Amino acid sequence: MRTVFVVDDDLLMRETLTRLLQRNEYRVRSFPSPSRALPLIDSGYPDAIVTDHQMPGMTGIGFARCLKERNLAIPLLMVTGTPGVELEEEALSAGVVQVFKKPLKDTRGLVFSLERAIADHDETSRNTGLD
């Protein structure tokens with residue numbers, strides 16, 4: 001069973017994402033902030049992360065950059081209530097796989113994108129000998 005970290009300062013959104021992913025057979029650990037998730041990522045990272053963008057302390061894009069700086073190639077999907085072309089471009093350049101708009105209406109799309117991101121990461125790892 002794959003493990004996904006959900007990072008969002010909004011408890012209701014964390015719970016919603018957790019239930020959605022659990023229904024789709026993911027093991028989920030949820031955190032209210034990137035700073036709470038990072039120590040666990042450092043000690044054995046998840047298969048993927050779904051994070052909010054606007055959070056106190058560190059944004060979702062900042063979180064993606066932090067992972068990149070630590071050379072942690074973890075697929076990261078971001079949800080945001082403040083979407084826009086510039087934000088999406090910045091997120092993608094920081095290493096975010098895909099950006100989803102809140103409120104999250106396309107739950108099937110998020111799950112599909114998550115599955116695809118994990119499969120792509122697995123394939124890249126196999127091809128580069130990172131397993």
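**Note on the predicted chain**

1. Of the 131 residues in the chain, 45% count as buried (under 20% relative accessible area; exposed is over 50%, partly exposed in between, with a 1.4 Å probe and protein chains only). This is a predicted model: local features need pLDDT of at least 70, side-chain atom pairs count only at pLDDT 80 or more, and totals for chains, interfaces and linings use all residues. Residues are numbered from 1 along each chain as its sequence is written, and side-chain values use heavy atoms, without hydrogens and water.

2. The chain has five helices and five strands. These are DSSP runs, numbered from the N terminus: H or I of at least four residues for helices, E of at least two for strands. Their order is β-α-β-α-β-α-β-α-β-α. The radius of gyration is 14 Å, close to the 14 Å of the globule rule for 131 residues, so the chain is as compact as a globular protein of that length. The radius is taken over C-alpha atoms; the rule is 2.2 Å times the number of residues to the power 0.38.

3. Contacts (heavy atoms within 4.5 Å) reach along the sequence. Among those with a separation of 6 or more, 63% join residues 24 or more positions apart.

4. Check the Lys-102 to Pro-103 peptide bond: it is cis, with omega near -5 degrees. Pro-103 sits in the loop between β5 (98–101) and α5 (107–128).

5. Two non-glycine residues with positive phi deserve a look. Glu-25 has phi near 65 degrees. Its loop joins α1 (11–23) and β2 (27–31), and Glu-25 is exposed at 61% relative accessible area. Asn-71 has phi near 60 degrees. This residue lies between α3 (60–69) and β4 (76–80), in the loop, and is exposed at 70%.
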